[in-house]
Every structure is written in structure tokens, then in C-alpha cells.
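Colleague: I have not looked at this model before. Please take me through how to read it, one feature at a time.

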Amino acid sequence: EAVQHLFSVASGLDSMILGEPQILGQVKRAYRIAQRSGSTGPILDRLLQQCLATAKRVRTVTGISRHAVSVAFAAVSLARQIFGELQGRTALVIGAGKMGQLVATNLLSHGVRELLVTSRTYGRAVLAATAVGGKAAEWDEIVPRLSEVDIVVSCTAAPGFVLDHAMVANVLKGRRGQPLFAIDIAVPRDIEPSVNELANVYLYDIDGLQSVVEANVEERRKAAQKAQKEIARDVRAYLLWRRSLTITPTIVSLRERLTEMGSH
């Protein structure tokens with residue numbers, strides 16, 4: 001049961017978020033620390049080496065970590081579908097809340113070159129931008145900045161639209177056909193829905209992102225079923241090796257006895 005549990009944890013099957021990739025890194029670090037402290041031997045070394053190899057193969061074969069299962073990750077995944085890789089892209093986050101910061105962090109981790117954060121209170125924009133590694137922008141810079149950025153994320157608590165159809169339509173004239181990916185994760189909505197009807201504008205709201213997440217959760221469940229089979233096979237292989245260690249001394253002893261009997 002312990003071997004099965006370890007293999008499942010490292011493969012992301014026993015995490016709160018199915019397929020969570022960070023847990024494998026934590027297992028690797030724990031193993032390195034144990035090795036440095038001299039607290040592993042042949043059995044634990046073999047166990048952890050097999051565990052890490054299994055976890056890596058499970059992720060490759062099943063793709064269990066491939067599907068985004070959070071709104072923040074789903075937003076980044078959709079942006080990558082539109083632009084391909086995000087290296088060199090620029091983004092604007094409107095609002096200094098936690099959700100906006102999560103999306104911002106994920107965008108930067110996927111290669112976004114410059115990330116701007118704005119809020120009605122400039123001081124909050126500075127704090128949020130500092131927290132994620134971006135730059136603060138004044139609230140009245142929103143429209144001018146829209147002509148420059150590739151991605152806009154809006155998540156304010158405003159009672160009405162922060163960006164309406166006319167505002168975005170005017171900005172598009174100076175973009176020369178460059179696509180604009182807009183993510184509206186505010187409730188009520190920050191961006192007027194009809195903005196999505198404009199050419200080269202791709203608008204997703206919280207409901208659209210949530211449907212992506214739900215579909216991806218189901219994909220991860222299917223991948224987990226495949227992963228269980230991979231893990232079960234490798235657990236059996238490890239246990240057979242482990243049992244062979246107890247059998248080997250007996251075989252050696254029998255051979256020595258037979259040789260001794262033959263010599264008489």
C-alpha cells in the first residue's frame with residue numbers, strides 16, 4: 001500500500017487537484033535531501049528511482065497535466081491557442097484582486113514579456129504589480145494601452161462596463177488587424193459582451209472559462225484511469241524485485257549445499 005501510495009502521489013493522482021505537476025518536484029527534492037543525509041539505501045533508492053520514472057512516463061503517456069483545471073490556467077491555455085507561444089507578448093490586467101494576480105502570474109510564467117496592472121487606486125496597482133513582477137499603470141491609461149497590448153484581463157468590482165463596444169472598436173483602428181485576447185473574469189461583467197463580435201477580438205468571460213475547466217477536469221479523470229494501469233504494472237515490478245532480495249540468499253545457500261554434496 002505504501003508503494004502504491006507513493007507512485008500515485010508522484011504521478012499527481014492523489015493531489016487535491018488531479019494531475020498537479022508540482023508534487024513531482026516536491027518528491028524529487030525530498031529524495032535528494034534524503035540522499036544527501038545518507039538516509040536511503042538500496043531498497044529506498046530503487047523505490048524512488050522507479051517512482052520518478054513511473055511518474056514521468058505517466059504524464060507523458062496519459063497527458064494528465066496537459067488540461068488546465070483552474071480559471072487562471074484556462075485563461076492562459078486559451079491565450080496560447082490564439083497566439084501560439086506567449087514569448088514576447090504584452091498584457092494588461094485591469095483590477096488588483098487575487099484572481100487577476102493569478103492570471104498575471106501564469107501569463108508571466110509562460111513568457112509574456114511585459115505585464116501592466118491598473119486599478120482605480122494607483123497605490124493598489126503598484127502593490128499588485130510588485131507582487132507579480134509587472135508594472136503599474138494609471139487608470140486613465142487603459143484605452144491607450146489597449147492599442148499596444150495583446151492580452152487584456154479585467155477583474156474589477158465595477159458595477160458597469162469598464163470596456164464597452166465603442167471603446168474597443170476605436171482602439172482596433174490603430175491595431176492593424178493584430179488580434180486582441182480579452183478575458184473578463186468579473187461578476188458582474190467588466191467588458192460588454194458585444195465586443196466579441198468585433199474582428200480579431202477574442203473575448204472569454206468567467207462562464208466560458210469555467211466550461212473549459214469542467215471539460216478539462218473530465219479529460220484528467222479519463223487520463224487518471226490510464227495512469228492507474230501504468231502505476232499498477234510498475235508497482236508489481238518493484239515488489240517482484242523486492243521479493244527477489246529475500247529469495248536470493250536461499251538460492252545461494254542451496255547451490256552451495258548441492259556443490260558440497262556433489263564434491264562427496
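Colleague: What does the accessible surface of the protein chain come to, and what share of it belongs to carbon and sulfur atoms?

Modeller: First, the ground rules. This is a predicted model, in which local features need pLDDT of at least 70, side-chain atom pairs count only at pLDDT 80 or more, and totals for chains, interfaces and linings use all residues. Residues are numbered from 1 along each chain as its sequence is written, and side-chain values use heavy atoms, with hydrogens and water left out. Accessible areas come from the Shrake-Rupley method with a 1.4 Å probe; for residues, only the protein chains shown count as cover. Here the protein chain has an accessible surface of about 14600 Å², and 55% of that belongs to carbon and sulfur atoms.

Colleague: How many helices and strands does the protein chain have?

Modeller: Helices (H or I, at least four residues) and strands (E, at least two) are DSSP runs, numbered from the N terminus. The protein chain has nine helices and six strands. Its radius of gyration, taken over C-alpha atoms, is 27 Å. Along its principal axes, the C-alpha trace spans about 105 × 35 × 30 Å.

Colleague: In what order do the strands of the sheet run?

Modeller: Two strands pair if DSSP finds at least two bridges between them. The six strands form an open sheet in the order β3-β2-β1-β4-β5-β6, with parallel pairing. At the edges are β3 (135-137) and β6 (201-205), each pairing on one side only. Within the sheet, β1 and β2 pair over five bridges in the parallel sense. Leu 92 has Leu 116 in β2 as its bridge partner.

Colleague: Which strands does α4 lie across?

Modeller: Axes are lines fitted to C-alpha atoms, for helices over the stretch in contact (heavy atoms within 4.5 Å), and angles run from 0 to 180 degrees between N-to-C directions. α4 lies across β4, β5 and β6, at about 165 degrees to β5. As for α6, that helix lies across β2 and β3, at about 160 degrees to β3.

Colleague: Which residues touch the most other members of the largest nonpolar core?

Modeller: In soluble globular proteins, nonpolar side chains tend to be buried together. A nonpolar core is a set of buried Ala, Val, Leu, Ile, Met, Phe, Trp, Tyr and Cys residues joined through side-chain atoms within 4.5 Å. Buried means under 20% relative accessible area, exposed over 50%, and partly exposed in between (1.4 Å probe, protein chains only). In the largest core, of 29 residues, Leu 107 and Ile 151 touch the most other members. The largest share of this core, eight residues, comes from α4. Not counting residues up to four places away in sequence, Leu 107 touches Val 76, Leu 86, Ala 91, Val 112, Leu 115, Ile 151 and Val 153. A second, separate core has 20 residues, including Leu 92 and Leu 116.

Colleague: Does Thr 118 count as buried or exposed?

Modeller: Thr 118, in strand β2, counts as buried because its relative accessibility is 1%. Leaving out residues up to four places away in sequence, Thr 118 touches residues including Leu 92, Ala 125 and Trp 139.

Colleague: Where does Gln 210 lie?

Modeller: Gln 210 is in helix α9 (residues 206-263). With a relative accessible area of 32%, Gln 210 is partly exposed.

Conventions. Rg over C-alpha atoms; globule rule 2.2 N^0.38 Å.
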